[in-house]
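Student: I am new to this structure. Please take me through one part of it closely, and then show what lies around that part.

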Amino acid sequence: MTPTQRHELWLQLLIDLSKFVDKRVSKTGKHCEQVAKWASTTARELKMCDAEVNNIYWASILHDIGKIGISDRILRKKAALSEEDWILIKMHPTIGSNIVCSIDALPSLAPTISAHQEKYDGTGYPKGLKGKDIPLGARILGIADAYQAMVEDRYYREARSHQEAVTELQKVRGTQFDPDVLDVFINVVNSETVV
């Protein structure tokens, strides 16, 4: 088996695992695909180079793979998560980052996956990164992930409308999300979404 074939085999395995996780969280099982679409389009609008856009696309496809070890009891919980539940949930970016780092050709995805739950004001996880210390790919992915999670049905709640989701994103502009990236993202989803 050539190194390219081995890489493709590992990547396909990770994609399949990611789809498995997706179906445990999202009723459609298409969460990561949609996040990848929004994130890569936003990266292009931000004039990132093709390699960076590609990196953001694949990090988006695999961003929740770290949830593989989190039980459905937590992932589908209808009540508020307990402190113990949150401790487990907050591990998924690090677990996902470690998974992709273990594959020879994928370590470049790790920083984006690891930091996609960081918040612009430094209150996110796992490291409490703040502002521009959060990799740009992770700042894009975090917004795309939050938007897509809101506009799709989950086992524990109904989907919100596009406009409701955009309103929620704007409420945390500059605290949870990079305001410049958020503005570009909102332009992307407004131009591609029927309101």
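This is a predicted model: local features need pLDDT of at least 70, side-chain atom pairs count only at pLDDT 80 or more; totals for chains, interfaces and linings use all residues.

Tutor: Start with Q148, a residue of helix α8, which covers residues 136-151. Its relative accessible area is 7%, and because buried means under 20%, Q148 counts as buried. Leaving aside residues up to four places away in sequence, Q148 touches H31, Q34, V35 and W38.

One of these contacts, W38, leads on to the nonpolar cores. The largest nonpolar core has 23 residues, and W38 is among those with the most contacts inside it, together with I140, I143, Y147, L169 and F185. Two or more residues of this core come from each of α2 (31-45), α3, α8, α9 (162-171) and α10 (179-192). Another core lies apart from it, with 14 residues, including I15, I61, I65 and L109.

Two packed helices are described by the angle between their axes and the distance between the axes. For α1 (residues 3-25) and α3 (residues 50-62), the axes come within 8 Å and cross at roughly 50°. The two helices, α1 and α3, are therefore oblique to each other.

Note on methods. Residues are numbered from 1 along each chain as its sequence is written. Side-chain values use heavy atoms; hydrogens and water are left out. Helices (H or I, at least four residues) and strands (E, at least two) are DSSP runs, numbered from the N terminus. Buried means under 20% relative accessible area, exposed over 50%, partly exposed in between (1.4 Å probe, protein chains only). Contact means heavy atoms within 4.5 Å. Axes are lines fitted to C-alpha atoms, for helices over the stretch in contact, and angles run from 0 to 180 degrees between N-to-C directions. Angles under 35 degrees count as roughly parallel, over 145 as roughly antiparallel, 65 to 115 as roughly perpendicular and the rest as oblique. A nonpolar core is a set of buried Ala, Val, Leu, Ile, Met, Phe, Trp, Tyr and Cys residues joined through side-chain atoms within 4.5 Å.
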